[in-house]
Structure formats: structure tokens, C-alpha cells
Amino acid sequence: MSLQKVVFPPIVAVFNHKGGVAKTTTAGNLAACLAALGYRVVLADLDAQGNATGSFGILPLPPVGAMDVITGRVPLDQALLPTAFPGLSLLPATTQLRTAELELAAHERSHQALREAFASQSIADHADIVIIDCPPSLGTITGNALAAAAAVLLPARPDPYSHEGLVNTWHEIKRLRQTANASLNVAGILLTMTGDDPTGGDVERSMRAEFGDQVYAHSIESDPKVTEAAQLGVPVAVLDPDGGAGAGYPRNWWRGCAATPATTSTLWPNPPPTARRRTPCATGGPGCPDCSAGPTSRRPGRRSKPPTPTVSPPRRRPGHSRKNRDSAGRR
Ligand SMILES: Nc1ncnc2c1ncn2[C@@H]1O[C@H](COP(=O)(O)OP(=O)(O)OP(=O)(O)O)[C@@H](O)[C@H]1O
Ligand SMILES: [Mg+2]
């Protein structure tokens with residue numbers, strides 16, 4: 001099959017070589033926010049730790065999941081699991097991901113297996129956007145995620161080790177663009193768990209100075225509600241939408257999506273009406289329909305109330321396909 005002719009939905013890989021920087025938290029929250037805005041979202045958990053799967057209350061890990069789809073053993077619609085959030089399906093992690101590196105090594109084009117699987121399984125029939133939670137290493141599995149993705153989103157903590165990890169990750173992405181995916185965009189660097197370290201402000205400033213406008217204006221504050229939310233199997237943006245972490249994720253959704261230009265013009269011409277109404281976009285970007293007035297037009301000193309993700313069913317676009325649910329047959 002020629003992959004050139006396949007239409008992909010925007011695929012955003014959430015990756016950082018460094019562990020514990022909130023990749024999984026970010027992936028889960030963005031996925032839930034996008035689903036609340038009316039998109040059909042597939043959250044693909046490619047980390048053998050299975051934290052994204054567990055964070056939606058799916059434990060123990062199911063017998064069928066991402067690795068079965070990547071290797072073509074099981075069709076996508078049989079591996080997708082519904083979540084409690086309308087529009088959000090999970091391609092879960094399974095224990096097989098632990099041996100994925102070995103298994104994929106036998107694949108002829110080992111970095112392209114996920115992309116080929118998504119193409120042959122018509123991922124666009126199931127999702128308007130795919131968010132991939134990557135493991136904290138640049139092995140074959142992450143290579144597959146980045147080869148399939150239109151954009152990579154980089155969560156990073158403002159601490160010295162994470163800064164170094166981010167620089168390494170940046171170089172790895174540059175290398176991967178040359179070898180596996182020349183059209184991979186960087187959706188941006190999202191600073192996470194800010195405010196809990198007295199030296200964090202200095203590191204944050206130096207990260208912003210080094211990476212410039214690649215760093216999102218809004219960071220995700222350190223917030224104990226994140227742990228509570230994980231225990232409850234609910235994204236913090238839903239559990240505590242006005243909190244330090246919960247308010248941060250919805251503010252950043254558009255910028256991550258705007259980094260996927262190849263597909264936004266075809267599959268994703270505009271956010272659904274609910275998105276415009278519910279999401280005052282603080283980060284913005286060229287062509288962002290939510291910020292025609294621009295982020296700087298906000299009144300100084302006045303902080304807008306953060307948007308509230310909702311678990312109630314979003315209004316769907318006219319002609320919006322429900323094939324995902326029907327084919328999965330699980331809702
Ligand atoms: N904003 C936050 N405030 C407080 N704790 C947070 C925040 N974001 C994430 N955490 C916590 O930090 C820990 C690591 O988060 P997470 O699992 O999302 O990181 P990760 O980058 O996916 O880790 P790994 O590299 O192991 O996959 C978790 O215990 C999570 O609950
Ligand atoms: Mg993780």
C-alpha cells in the first residue's frame with residue numbers, strides 16, 4: 001500500500017526521553033479535553049508501564065492492545081476500548097509491549113510498523129485525532145510513534161536534569177526527522193509541574209530563552225490533584241478543571257493541534273462549534289479560530305476563567321461519523 005495516498009488524522013506523539021515529566025498525564029488530559037470538545041479521539045498507550053491505560057481505570061492491562069494492532073494480529077476496531085468519556089477510545093497497552101523491541105526487530109521496516117498498521121486499518125474511520133503516549137526511551141516503539149506522528153509534543157519539567165534531557169530529546173527528534181519522518185513537526189514544549197521547586201523559575205527562564213516560542217506560554221502547575229485524579233481514573237482537567245494543573249491542559253489544546261498542518265486542512269477544517277464556545281485559547285497561533293483577537297488582547301491583570309472540560313456528550317459536527325462506536329460495538 002502506498003502510504004502517500006492514505007489520509008491520516010492528526011497524530012500527536014507525547015514524548016520526552018526523560019522519565020516522570022508528565023507525558024502520560026499530558027496525553028490523557030489532552031485526549032479527554034479534545035473528546036470533550038467534540039472530537040473522536042484515540043489515545044494510544046505505547047508504554048509497557050500501561051500508565052495511560054490505568055489512568056482511565058483499565059487495570060489489569062487487557063489481553064489485546066496496541067502491540068496486536070502494530071503487528072497486524074488484531075484489527076484496530078477489536079483492540080479499541082471505550083472509556084467513560086464520550087468520543088474517547090483507548091488503544092491500550094498490553095504486557096506484550098515489554099518485548100516489542102525484539103518482536104519489531106524482525107519487521108522489515110521496523111520503524112514504520114505502526115504507520116502501516118494505522119494506514120491499513122483506516123485510522124481516520126475511528127479518530128479525528130490520535131494522541132500517543134510514548135515510553136521514556138527512544139527505542140523501536142517510540143521510533144514507531146514518531147514515524148507515524150505529524151507532531152511531537154514535549155512535556156518537560158523546569159529542573160536541571162530535565163533541561164538536559166530535553167536538549168538530548170531535541171537532538172534525537174532532529175535525527176529521527178532525517179531518518180524516519182521528514183515531516184514531523186514539534187508541537188511545542190509544555191512545561192509541567194512548575195512552581196514546586198525554588199530554583200524552577202531560573203531553569204524555566206533559561207529553557208524559555210533557549211527554546212524561544214517553542215515553549216508554550218502556559219505551563220502546568222504542580223498540583224496534588226493530579227495524583228488524586230490518577231487514583232480515581234479520571235483526568236485532572238475533568239476532576240478539578242479550575243485547579244493549577246486542571247486549568248492548564250485545556251488552554252494548550254489548540255497549539256498542539258495547529259502543529260499538524262497536513263491534515264488540519266482536510267479532515268479538520270475547523271474546531272466544532274462547541275470548541276469555539278468553550279475554549280478561550282490563551283496560547284493561540286496563526287489561523288487559530290479561537291484567538292482572532294489574539295492572546296495579547298486580553299485585559300492586563302485580568303485572568304480569564306479557564307475553560308471547563310465536561311464529560312457530558314459534546315455536540316457533534318453535522319455528518320460526524322459514529323462509526324468508531326458502532327464498529328467497536330462496545331458502547
Ligand atoms: N502537574 C502535576 N502536579 C503534580 N504531580 C504531577 C503532575 N503531573 C504529573 N504528576 C505526577 O508525576 C508522576 C509522573 O507523571 P507521568 O506518569 O505523567 O510522567 P511520565 O513522563 O509519563 O512518566 P514515565 O516517563 O514513567 O512514563 C505521576 O505520579 C503523576 O501523577
Ligand atoms: Mg508515562
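This is a predicted model: local features need pLDDT of at least 70, side-chain atom pairs count only at pLDDT 80 or more; totals for chains, interfaces and linings use all residues.
Residues are numbered from 1 along each chain as its sequence is written, while chains are lettered from A and ligands numbered from 1 in the order in which they are written.

View 1. Helices (H or I, at least four residues) and strands (E, at least two) are DSSP runs, numbered from the N terminus. Strand S5 spans residues 129–133, and five of its five residues are buried; buried means that 20 or more other C-beta atoms, placed from the backbone, lie within 10 Å of a residue's own. Ile129, Ile131 and Asp133 cover one side, and Val130 and Ile132 the other. Strands pair if DSSP finds at least two bridges between them. With S1 (residues 11–14), S5 pairs in the parallel sense over four bridges, and Ala13 has Ile132 as its bridge partner. With S2 (residues 41–45), the pairing is also parallel, over five bridges; look here for Val41 bridged to Ile129.

View 2. Asp47 sits in the loop between S2 and helix H2 (51–55). Asp47 is buried, with 24 other C-beta atoms within 10 Å. Not counting residues up to four places away in sequence, Asp47 touches Ala52, Ala93, Asp133, Cys134 and Pro135, where a contact means C-beta atoms, placed from the backbone, within 7 Å. Ala93 is 46 residues away from Asp47 in sequence, yet their C-alpha atoms are 6.4 Å apart.

**View 3. Helix H6 against helix H7.** H6 (residues 113–120) and H7 (residues 140–148) pack at about 50°, with axes 7 Å apart; axes are lines fitted to C-alpha atoms, for helices over the stretch in contact, and angles run from 0 to 180 degrees between N-to-C directions. Ala113, Leu114, Arg115 and Phe118 of H6 meet Asn144, Ala145, Ala147 and Ala148 of H7. Nine of the nine residues of H7 are buried, so this helix is largely enclosed by the rest of the structure.

**View 4. The shell around ligand 1.** Of the 20 residues around ligand 1, Gly19, Lys23, Thr24, Thr25 and Pro136 come nearest; to be near, a residue's C-beta atom, placed from the backbone, must lie within 6 Å of the molecule. Helix H1 (23–36), strand S7 (185–194) and helix H10 (225–232) each supply at least two residues of this shell.

Conventions. Two residues are in contact if their C-beta atoms, placed from the backbone, lie within 7 Å. A residue is buried if 20 or more other C-beta atoms lie within 10 Å of its own, exposed if 12 or fewer, and partly exposed in between; C-beta atoms are placed from the backbone.
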